Amino acid sequence: MAGADISLTYDDCPDDLTDKAFEQGDCSRSSFAEEADDDNFFNPLERIQQCLNSTDSIIRQCLASLLQNIFKKTPSAILTKELPEIMRILTKVTDDDFLQENFLEKIPSIAAEALANSDRVEALKDVIGDYLLPVVVRNLGWSETGINLAAKAVLVEMMEKGYVTQFQAEVKVCPAILALQNQLDVNTSAITLMSKFIRLLGKDIAERILMKRFIELCSSHLFYVRKLAAWQFGHYCAIVGSKVYEESLLPCYLALCEDDMWTVRKACAEVITFVSCVCPSELRKSLLAPAFGKLLRDKSKWVRISACQTLGGFIATFADPPSTKIAYDISGDLVLMNLEGDYFIQPPCKDGFSNVVTMEEAFMASSTEDGYLHYYDDLEKGACNEVTDLDSSELGGRPKSCAYNSGAFVEALVAFNDLKLDGYTTEAGCSKENGNANSKIETETKNEICHAQKLPTKIELGSDEIELLDDRPNSVQPCSDNKGDNLDNIVSDNGNVSSSTTNEIKGPTQTIVPQYLIDSFLSMANLSGRPHGNDMSVHCAYSMPAVISTLGREYWPLVKDTVRALACHLSYRIRRSVASSLCPLAVILGSEIASEDLSPLFVDFLADLDEVVRIGVLNNLFDFLHLVTPQKRDSFAGKLGILTRMNSIWNWRFLQTFAEQLTRCVHLFSPADVAKWLGCMYAPSLLCEKVAEVRLAAIVLVSEVLKRTNADLTLSAKLLTLLSKKYAHGTKWRMRQTFVLLCTEILKREALSPQDFASAETGMLSDLLELSWDPVVNIRLGVANCIVKHLITNDYFVSNHLDALSEVLRRYEADKERDVRMAVVDAV
């Protein structure tokens with residue numbers, strides 16, 4: 001085992017006292033940039049060169065910190081003279097990729113230090129624009145992934161913190177971003193980069209400089225470029241003005257909806273909500289709605305699935321006044337925000353994978369909890385049988401019939417502006433042929449524009465048709481006799497419509513949303529047994545509150561049967577979404593409808609076999625009961641115990657939440673019902689739980705029950721007797737400790753008056769003093785804290801029971817346990 005011997009002799013190790021040994025130590029590396037010798041900062045250029053030329057990589061990494069110290073400590077005259085040369089030398093950083101990335105990450109700190117010392121050194125005011133910003137911009141699109149990502153992150157941070165002016169952004173940043181577009185064959189992330197900077201550059205720069213390039217990208221001959229451009233539509237819709245939107249963005253979006261490649265159309269379906277949020281109501285009904293109807297009937301099932309995911313959100317944008325708007329979250333991602341400031345996060349969508357977030361997780365203010373659903377359509381595994389072979393013509397060029405013709409769309413919009421929207425009439429020239437037989441998009445768009453003149457009409461979708469409705473008041477008719485026909489082909493592998501047996505929609509007609517969209521949305525609830533059918537129903541349940549809010553309570557009969565069907569669905573995911581949405585639905589519909597139509601669903605969910613469904617109800621228990629009528633609310637008092645009879649008894653957090661919700665509900669019921677059900681039926685079982693958190697929540701519940709019924713102690717006599725017999729005189733120490741803690745909570749919340757607490761009728765004080773002899777230390781400690789904090793500080797107890805309390809305190813002063821003695825030392 002000679003190889004295992006480890007020599008402890010260091011013949012070549014330099015003496016620890018020599019300068020060479022000290023220079024090799026970690027101390028010199030870490031303190032290189034912090035050395036405060038004045039002579040060093042009188043020669044800042046030499047110091048920078050020494051750092052860059054060092055053979056020690058750790059010392060070279062101190063370059064950013066050294067530069068900050070130079071800005072801070074170097075005399076003004078010297079720094080002004082040598083600053084240009086110092087910043088020029090920093091270009092050598094690009095020789096080392098690791099050092100370059102490290103230096104890029106520190107540029108915001110360097111910029112902050114330069115601004116902080118710009119009053120002392122005038123030359124530092126131009127450091128950001130003349131030196132630091134060009135370094136960052138030059139590294140955008142770098143072949144090294146780490147450097148490229150670092151440059152993007154640094155540029156965003158500098159612009160967010162205001163280090164880059166609008167003029168600098170327009171002159172130096174925008175040209176660099178546009179230059180990256182020339183490398184789209186290998187750098188498609190440039191499209192995303194340009195879109196991310198839209199919100200930072202502002203409306204003026206976006207419209208003057210970036211919009212033209214974005215429109216060109218939307219008509220690229222490369223299908224994946226068009227797909228990426230379609231995904232970014234929301235960023236441009238959020239920033240540009242209405243004129244640019246109507247004349248440029250909207251026609252371009254409609255063209256992409258007709259693209260030959262299904263991935264492009266799928267991307268259009270995913271961003272329809274953002275596009276619709278800023279769309280005028282007339283254009284939304286006459287252009288966007290028919291275009292989205294085509295996507296719902298697309299020949300590709302992946303496009304249809306994506307359209308179904310966003311159908312509910314798209315319908316919500318028809319609300320008047322608007323209930324949603326486009327916003328950005330803290331990370332700069334595009335989100336939808338409601339009027340209360342809660343925002344819905346749309347997960348990123350990819351070709352072979354898309355996520356669905358339930359409402360409870362999507363809106364941040366919601367207290368409910370839900371899971372993620374996923375659609376796996378992995379193209380690499382051949383799951384999609386509709387992906388066409390990508391030959392050279394498809395990859396290298398785009399058919400002329402699908403090319404975006406900017407002039408044609410401007411002409412179409414001019415024609416549309418001539419429409420008399422209030423009377424739904426149009427000039428005779430709106431259907432004029434363009435003369436170009438290959439301009440398929442232009443012709444179809446003009447047909448959609450003329451849709452306003454000849455409603456109802458039909459949109460041809462391959463072998464299918466969607467009957468459009470007359471948007472004029474009192475003329476809306478269902479688009480088909482069978483509401484299930486609209487979306488049955490969503491989950492089929494071909495574009496043909498399959499038959500379905502569903503009930504006809506009953507209720508008043510509405511003109512808020514095109515009826516065929518409502519019919520399509522409601523038909524998503526009846527797709528059980530088909531591929532992706534349950535997933536479509538989940539989307540329907542998830543978006544139902546938004547759709548009902550858009551229609552209003554007067555059109556509740558249109559969707560009532562669908563809500564009931566979803567509540568009875570076999571899939572727990574769908575029932576969970578409905579259960580978690582009962583409270584928002586009650587807010588929208590009002591107490592009368594909630595009591596009549598939602599209360600039966602609420603009762604069914606209380607007894608649901610799946611715990612996640614009961615959790616959805618439990619989290620909104622108080623809010624829902626508060627919204628129903630008092631008569632209906634009283635009938636629920638005896639039905640809430642079913643929540644604890646299921647397998648939830650093994651979930652202590654469920655029981656804790658149940659106790660907390662019952663505590664909030666105490667004041668919703670009459671004192672008699674509170675004493676009978678909450679006090680005598682539910683609270684005792686919670687007080688016996690093994691988990692301390694559940695018992696503590698139950699103690700608060702009991703104290704609130706006693707406070708609610710203290711006007712008539714006969715109502716709580718049974719509960720007080722149980723507390724004395726089972727807890728104050730219980731054989732288990734945990735029971736007795738619970739009683740002591742309950743006495744403390746009652747005195748703290750003033751649930752009982754001092755007279756009632758000390759009376760023989762309740763027996764609370766006598767039982768508490770009797771427990772002062774308990775052999776368990778924790779119980780004696782609890783009694784000591786109760787006496788010191790709540791009894792001897794009350795005038796009634798001091799006047800009438802001082803002798804008994806003083807005797808306990810003197811005894812505890814000599815207790816063998818130090819904690820007990822310390823608890824009463826101040827009182828004694």
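Over the ring of which residue does the charged end of R811 sit? In this predicted model, the charged end of R811 is placed over the ring of W773, 3.4 Å from the centre of that ring.

**The β1–β2 hairpin**

Strand β1 covers residues 324–328 and pairs with strand β2 in the antiparallel sense, over five bridges. One of the residue contacts in this pairing is that of A327, whose bridge partner in β2 is V335. Five residues lie between the two strands of the hairpin, and G332 takes a positive phi near 85 degrees there.

Strand β2, residues 334–338, is mostly covered, with five of its five residues buried.

**Aromatic pairs around F214**

The count of aromatic pairs in the model comes to eleven. Among them is the pair of F214 and F233, which is edge-to-face, with 5.3 Å from centre to centre and 70 degrees between the planes. This pair links distant parts of the chain, since F214 belongs to helix α14 (residues 203–218) and F233 to helix α16 (residues 233–237), 19 residues apart. F214 counts as buried because its relative accessibility is 0%, and F233 counts as buried because its relative accessibility is likewise 0%, where the cut-off for buried is under 20%.

F214 also forms a pair with Y236, and this one is stacked, at 3.8 Å centre to centre and 20 degrees between the planes. Because F214 lies in helix α14 and Y236 in helix α16, the pair ties together parts that are 22 residues apart in sequence. Both F214 and Y236 are buried.

| Pair | Geometry | Centre to centre | Angle between planes |
|---|---|---|---|
| F214 and F233 | edge-to-face | 5.3 Å | 70 degrees |
| F214 and Y236 | stacked | 3.8 Å | 20 degrees |

Which residues do ring pairs link into a cluster with F214? The cluster consists of F214, F233, Y236 and Y253, joined through ring pairs. Within this group, F214 and Y236 are buried, and F233, at 0% relative accessibility, counts as buried as well.

Technical notes: Residues numbered from 1 in each chain as written. Predicted model: local features only at pLDDT ≥ 70, side-chain atom pairs only at ≥ 80, totals over all residues. Heavy atoms only, no water. Buried < 20%, exposed > 50% of the residue type's maximum accessible area, 1.4 Å probe, protein only. Helix = DSSP H or I, 4+ residues; strand = E, 2+ residues; numbered from the N terminus. Pairing = 2+ DSSP bridges. Phe/Tyr/Trp six-rings, centres within 6.5 Å; stacked < 30°, edge-to-face > 60°. Lys NZ or Arg CZ within 6 Å of the ring centre and 35° of its normal.
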